[in-house]
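Dear colleague,

I am passing on the structure below, and would be glad if you could look through it alongside the notes that follow.

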Amino acid sequence: MADFKVPELTGEIITPKVTLGATSGIKPFPANAELMGKVGFPAEKSADWKVKFLAKMGDILKKYKSVRVFLDICVRCGACTDKCHYYLSTGDPRNMPVYRQELMRSVYRKYFTTSGKLFGGLAAARELSDELLEEWITYFYQCSECRRCSVFCPYGIDTAEITMAAREILDSIGIGSKYNLAIINKAETIGNNLGMPGPALRNTLDFVEEEIQEKTGVDVKLPLDVEGADILLVTPSADFFAEPHIFSLEGYAKVFHQAGVSWTLSSHASEGGNFGMFIGNYNHMKTINKRIWDAARDLKVKRVIAGECGHAWRVLYSFSNTLNGPFDFLDPNYNVPQHICDYTLDLVKKGAIKLDKTANDDFSVTFHDSCNVARASRIGNEPGGQFTIPRELINAACNKFVDMAEETIGERTFCCGGGGGVLTDELIEVRVKGAMPRMQALKRVKDSNGVNFFALICAICKAQFTKIFPYYGIEMEEVGGIHQLVGNAIVLGAKEGV
Amino acid sequence: MNGLSSVFNLLAYIAAAVFVLGFLNKVVLYFKTPSPLKIPTTPAPKTSMGVVVRLIPEVLFFRSLLKGGITEKILWLGGWVFHVCFLLIVLRHLRFFTYPVPECIMFFQQIGIWAGLVFPLALLILIVRRFLNDRLATITLFADYFVLGLIIAIGSTGLLLKYFARTNLVDVKAFILGLLTLSPVQLPDSPMFLIHFSLVLILLVYFPFSKLMHAWGILISPTRAQVDNPREVRHVTPWA
Ligand code: HEM
Ligand code: SF4
Ligand code: SF4
Ligand code: SF4
């Protein structure tokens, strides 16, 4: 099915030899002039692009300590070189984090440092050229902003910061990614990444209600735009239509139903995802996040809970307070915002909902730590809660759980290969290959423990794995959310004691 | 005082000034450049005290390197030994800069010599790994060999001074104290010392404009030095 070589599943992750230009031909589709205009970027590359490029880069250097310091202090020790899933699977040296950064650092030397100005090539300074631009477009869209490199770097240098800055510079000279910008445009104009208007959303929710009714005989509601509800659930829009995402949506609904709380979704903020982050654009990120803030206030809810989505959670957890101010109108007795796993596990522990583990006895489960949850945010109140809480919840919902190899989970987790704005068909080769380290780790627990359910809490991870599992000869039905397991196991109906 | 001495006294002041001002300039620049968003690599500590606790093993033991594989273990060995030796050697050198010499500096005299002997070996590991490993060979730049070479040259001329081209240390001390007390005197009569000293001046001048600023950067790198409390405390920056 592929016109490239899909890595073989051996269970081993072997560092490849350097192969220059291995993925040099793989680039995102450009956004057309109309789309660029809609999201407020120049329509196309102009004759004076170098001036604009350097102006933007200078601006970023003044505004982002991360970029400035990271460009200065890397000692090229090489600790990060074999930590990126894209290097491990392609051998293209530009996918070594430090060498990806070098694309920007060489320009930095040339135009922003004395040594580069004085010594040029000897100081490894590079002039702006069309060729360099092509390399930027290629390799800054072969980074999923997963931050794995930063874990191993002695100075915590995070290539994701460089990638975001690079994409922001490209956008500012009229070179955008069609996939990312189209989604940003839809989120800002319609309210979600899929461009699904309010009435269509209601229809879908009705459909989900019928499904649950049919399967369980219980009348579980999925309320939309209910003013005065206690809880606003913000979830990635993929949860409304895609499989397996929608099964997690059923799971959340069942949890709220059984807990007996009033909750609502919002048509204004019918999207948890925030692609503004992927392109490193502060203003888009702020605009998109604002919808959630507004929806919470307009609907007069007391709590905001986030569904299963990696980068959405990063933005809500880490950035929202900064971007749009505190949710000071919400109930301060709860974490605001709160992650759905945190919420559900708490209910389980309090005995407010009951899970029947045997409902999942057909499954042997493992858990993929999604990068944005693992390395860019936290769940619950203690550092590392992002690792323990999802696992506790899974263990509460099923009998057979096993972790993948130590060096591929937790803070060292491998990206799915499709995050950070690369989940688009034209990049399928790097997506399939980039998943290789994760797939090898999965292969090992499949062999040893017969794992047949790959549990996730990220919408992009779910979309990516359902797409690439078949390339590796694995059924895409083996992918699912934690709340899919919870939804299977939850005991609906009359409650004892609560 | 002869002409050469005057020139070297002047160069020493220039190098010291470039180093101090250059370093401070970078410190201020980094301090002034805001972090618009909270980006600690998690799991991260929830308090400033916790950040200090996170950074100590990073600085003292290069902790993150130890999370890596065999390449990083070799790097750790070479790198850590190199840095510790560097520190010990600097401490040992303080006897030239003080009068009377404090007790604590005397303590570093013997261990400082051992450090000086191990030093080139550690640096050799750091150099050799750069061309034996294909990934490292790809990323290594001239600048990387330049600093390693420069520091090896400083270390070896130092050893030569101690073991082969012995110099009158009283003169050396007088020269350094002269510089420090702003009453410059004659250079010691030793070509080897001149080379050793010149190389150090080059290192000082090079330092603030190079990757050596990692010595400061590690303390302020936002991914490591930020507190994980974005929900509780609003993080604001003027421009954002
Ligand atoms: C005056 C202070 C320092 C100097 C002169 C210095 C010098 C150097 C040099 C020359 C290298 C490059 C070695 C190479 O290219 O292979 C290096 C690497 C390194 N330094 Fe420092 N350093 C200093 C302080 C620090 C501090 C405070 C840390 C704390 C963690 C540190 C951590 C490292 C690490 C982890 C490497 C990577 C090893 C490598 O690249 O081979 N350094 N340092
Ligand atoms: S690990 Fe950090 S310092 Fe080392 S090469 Fe990579 S980015 Fe540079
Ligand atoms: S952030 Fe992730 S994808 Fe990007 S360079 Fe680092 S490891 Fe690779
Ligand atoms: S999609 Fe999932 S695994 Fe991939 S970068 Fe995002 S959080 Fe990480």
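Read along the sequence, chain B follows the pattern α-α-α-α-α-α-α-α-α-α, with 10 helices and zero strands (DSSP runs numbered from the N terminus, helices being H or I of at least four residues and strands E of at least two). This is a predicted model, in which local features need pLDDT of at least 70 and side-chain atom pairs count only at pLDDT 80 or more, while totals for chains, interfaces and linings use all residues. Residues are numbered from 1 along each chain as its sequence is written, chains are lettered from A and ligands numbered from 1 in the order written, and side-chain values use heavy atoms, with hydrogens and water left out.

The C-alpha trace of chain B spans about 65 × 40 × 35 Å along its principal axes, and 48% of its 240 residues count as buried (under 20% relative accessible area, 1.4 Å probe, protein chains only).

A search of the whole structure finds five cavities of 30 Å³ or more (sets of points on a 1 Å grid over the protein atoms alone where a 1.4 Å probe fits but cannot get out).

With kind regards

Definitions and conventions. On a 1 Å grid over the protein atoms alone, a cavity is a set of points where a 1.4 Å probe fits but cannot get out, and a pocket is an open set with protein on both sides within 12 Å along at least five of seven lines; lining residues have an atom within 4 Å of a point. Grid points are joined across faces, edges and corners, and a volume is the space filled by probe spheres set on the points. Buried means under 20% relative accessible area, exposed over 50%, partly exposed in between (1.4 Å probe, protein chains only).
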